[in-house]
Amino acid sequence: MSTNRTFTMIKPDAVENGHIGGILEKISSAGFKIVAMKYTQLSTRDAEAFYAVHSERPFFGELVEFMTRGPIVAAILEKDNAVEDFRALIGATNPAEAAEGTIRKLFATSIGENAVHGSDSDENAAIEGAFHFSGREIF
Ligand code: CMP
């Protein structure tokens with residue numbers, strides 16, 4: 001069964017490059033409602049836990065280093081078909097392959113520093129949202 005929520009992070013590269021406003025505008029214009037949001041910074045332990053599924057990948061160390069180097073914006077978004085529609089809005093993991101008009105095409109610089117995260121399944125959206133937010137932070 002598909003649910004109507006997904007989880008996103010505006011990653012350190014996009015924050016450093018001044019793209020928080022531009023990315024939130026794209027999210028809002030695409031019809032997503034923000035039901036939880038915070039400006040925060042991941043610790044090494046946070047990033048290692050969040051990306052545990054990638055721990056055997058050769059880029060894991062680089063990924064943890066990148067995701068902890070500065071603040072991020074974490075958010076839970078609501079819309080019908082949220083997971084699939086949000087992945088279409090952000091575009092391919094590698095910005096060089098992302099479609100015109102997608103968030104990664106507009107704001108990302110490389111496959112590693114790709115501006116935004118979007119959950120890849122309803123199950124992971126729920127896990128990732130709960131990683132960052134308690135029940136009383138979700139509206
Ligand atoms: P995301 O899909 O949000 O979550 C996994 C992240 O790993 C991905 O974004 C990229 O930031 C990173 N990643 C994926 N593939 C590579 C790669 N080949 N080299 C470096 N980082 C990568």
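**Exercise 1.** Identify the helices and strands that each supply at least two residues of the lining of the largest pocket.

*Solution.* Begin with the elements, which are DSSP runs numbered from the N terminus (helices H or I, at least four residues; strands E, at least two): those that qualify are α3 (44–50), α4 (60–67), α5 (82–90), β4 (116–118) and α7 (122–132). Among them, α7 gives the most, with 4 residues. The model is predicted, and while local features need pLDDT of at least 70 and side-chain atom pairs 80 or more, totals for linings use all residues. Residues are numbered from 1 along each chain, and side-chain values use heavy atoms, without hydrogens and water.

**Exercise 2.** State how much space lies in the largest pocket, and which residues are closest to its centre.

*Solution.* A pocket is an open set of points on a 1 Å grid over the protein atoms alone, where a 1.4 Å probe fits, with protein on both sides within 12 Å along at least five of seven lines; lining residues have an atom within 4 Å of a point. The volume, which is the space filled by probe spheres set on the points, is about 770 Å³. Of the 27 lining residues, Lys11, Tyr51, His54, Leu63 and His117 are the closest to the centre.

**Exercise 3.** Find the polar contacts (pairs of N or O atoms within 3.5 Å) that Gly112, Asn114 and His117 make with the ligand.

*Solution.* Take the backbone first: an N or O atom of Gly112 lies 2.9 Å from a ligand oxygen atom. Turning to side chains, a polar atom of Asn114 lies 3.2 Å from an oxygen atom of the ligand, and one of His117 lies 2.9 Å from a ligand oxygen.

Methods:
Polar contact = N/O pair within 3.5 Å; in protein donor to acceptor, adjacent residues only side chain to side chain.
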